[in-house]
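Morning, everyone. Please have a look at the model on the screen, and then I'll walk you through the inside of it.

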Amino acid sequence: MFPSAIASSQRPKNHALDYYRDRGGVIFLSYCRFWERHAFVQQALAKKLVDAGIPVTWFDGVGWRPYSPTLYWNSPLLHVSQLPAVPGRRFSDGITTFSLDLQWRAVEKKIKQHGGHPVIWVQGGIDE
């Protein structure tokens, strides 16, 4: 009727973490900033993944100015940065196109660093 002490001490396998691990990690893309002074649920998710040994790259927003995310914990498996952008995008379609190409190359480079098949998690919407 009741599980034995041995059976209850065995934790069930976490298939979601195995899936992320098998894919080579997770790349988050967020247009809005999530790594500011106030913490969000998404930061807790990134910490859970990193604590499980899963590499996480988080592109936190888009911009051309220097960016310093607020990290409440540090791990060699966590990389937080912003997607690069070129100033003047609103003034020229050519600059916008170049900026989008620069962003795609940054994402593509990280995909290769994660082994070519990471989970890509788009947080919110990227409308640029």
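**A buried histidine and the core**

H114 counts as buried, at 11% relative accessibility. Buried means under 20% relative accessible area, exposed over 50%, partly exposed in between, with a 1.4 Å probe and protein chains only. This is a predicted model: local features need pLDDT of at least 70, side-chain atom pairs count only at pLDDT 80 or more, and totals for chains, interfaces and linings use all residues. Numbering starts from 1 along each chain as its sequence is written, and side-chain values use heavy atoms, without hydrogens and water.

Where is H114? In the loop between α4 (93-113) and β4 (119-123). Helices (H or I, at least four residues) and strands (E, at least two) are DSSP runs, numbered from the N terminus. Beyond four places in sequence, H114 touches V56 and I27, among others. Contact here is heavy atoms within 4.5 Å.

Now V56. It is among the residues with the most contacts inside the largest nonpolar core, which has 16 residues. Such a core is a set of buried Ala, Val, Leu, Ile, Met, Phe, Trp, Tyr and Cys residues joined through side-chain atoms within 4.5 Å. α3 gives the most to this core, with three residues. Apart from it lies another core, of nine residues, I27 among them.

Last, the rings. F28, W58 and W121 are linked into a cluster by ring pairs. Rings of Phe, Tyr and Trp (its six-membered ring) pair if their centres lie within 6.5 Å; planes under 30 degrees apart are stacked, over 60 edge-to-face, the rest tilted. F28 is buried at 0%; W121 is partly exposed at 28%.
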